[in-house]
Amino acid sequence: MGRALARLMAERGHDVFLLGRDAADLEKSARDLEVRGGRAPVGHAACDLLRPETFAPALQAAESALGGLDTVVVTAGLFATQDRLEADAELARRVLEADFTNTVVFCEHARQRLLARGGGTLCVFSSVAGERGRKPVVLYGAAKAGLTRYLEGLDHRFRAQGLRTVCVKPGFVRTSMTDGLPVPPFAGEPEQVAPAVLRAIERGQPVVYVPGVWRWVMAVIRLLPRAVMRRVKF
């Protein structure tokens, strides 16, 4: 989803700088964006959600290359099935660390840099998994629930100072993260997600569900009594 969004932004003339942990993949993506955007070289820097020491240098590299930051987009994360997480405590720790604790730490670095320039947009991918405690995503959903609440708090605390937060809540989207999982109804594609997210960034929309139908799906799930949630499998 992050790659699809970056492509769309480059095609529409936005200056883009990439952060990620795979140097070869970053280089390949940067060259692709240069072709799509028809502009100067696209820079990139190493940044790994499991290595907080990479956060400040990566953001500094982006800020220096772009001449300042007006939007920071966070799409990275880890996923594993509930069964795997219950069986592997170390994997569970890494998922919780990457998807909540370290994502928040990274966002705090970004928030400070954006506010130092008078404001900007912090767009972060959470998940509909955080909307309600559910059997298949107990741990992953807990991390995303915490991330969602953090972004809501940022919106309340810093909106008046010029910081616009956009919390993206994808439903099931066909990506490498979801390979091998049963495909539910309303599954989306990254290319379907990107335009909706970019519109939300441009409008400063605090919450966006992608694909949009998931807003209504989750509205129903939130209304289900706890006794029903104990019986259902989703």
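1. Arg 31 is partly exposed, with a relative accessible area of 30%; in this note buried denotes under 20% relative accessible area, exposed over 50%, and partly exposed the range in between, with a 1.4 Å probe and protein chains only. Its salt-bridge partner is Glu 27, at 2.0 Å from N to O. A salt bridge is defined here as a side-chain nitrogen of Lys or Arg within 4 Å of a carboxyl oxygen of Asp or Glu. Glu 27 is likewise partly exposed, at 34%.

2. The model is predicted: local features need pLDDT of at least 70, side-chain atom pairs count only at pLDDT 80 or more, and totals for chains, interfaces and linings use all residues. Residues are numbered from 1 along each chain as its sequence is written, and side-chain values use heavy atoms, with hydrogens and water left out.

3. Glu 27 and Arg 31 both belong to helix H2 (residues 23-37), where four residues, about one turn of the helix, separate them. Helices (H or I, at least four residues) and strands (E, at least two) are DSSP runs, numbered from the N terminus. Ala 23 is also part of helix H2 and is exposed, with a relative accessible area of 55%. Between the C-alpha atoms of Ala 23 and His 44 the distance is 8.5 Å, for a sequence separation of 21 residues.

4. Which residues are linked with Arg 93 in a network of salt bridges? The network consists of Glu 90, Arg 93, Arg 94 and Glu 97. Arg 93 meets Glu 90 at 2.6 Å, N to O, and the closest N and O atoms of Arg 93 and Glu 97 are 3.0 Å apart.

5. Helix H5 (residues 89-116) contains both Arg 93 and Glu 90, three residues apart, about one turn of the helix. Glu 97 lies in helix H5 as well, four residues from Arg 93. Arg 93 is partly exposed at 38% relative accessibility, and Glu 90 is partly exposed at 38%. Glu 97 also counts as partly exposed, at 24%.

6. The structure holds 14 salt bridges. The protein carries 33 positive and 25 negative charges, whose mean positions are 8 Å apart. Lys and Arg count as positive and Asp and Glu as negative, while His and the chain ends are not counted. Each charge is placed at NZ of Lys, CZ of Arg, CG of Asp or CD of Glu.

7. The peptide bond between Val 210 and Pro 211 is cis, with omega about -20 degrees. Pro 211 sits in the loop between strand E6 (207-210) and helix H8 (214-223). Most peptide bonds are trans.

8. On the overall fold, the protein comprises nine helices and six strands. Along the principal axes, the C-alpha atoms fill a box of roughly 55 × 40 × 30 Å.

9. Buried residues make up 46% of the 234 residues. Of the contacts (heavy atoms within 4.5 Å) with a separation of 6 or more, 70% are between residues 24 or more positions apart. The accessible surface comes to about 11,800 Å², of which carbon and sulfur atoms contribute 54%; such areas come from the Shrake-Rupley method with a 1.4 Å probe, and for residues only the protein chains shown count as cover.
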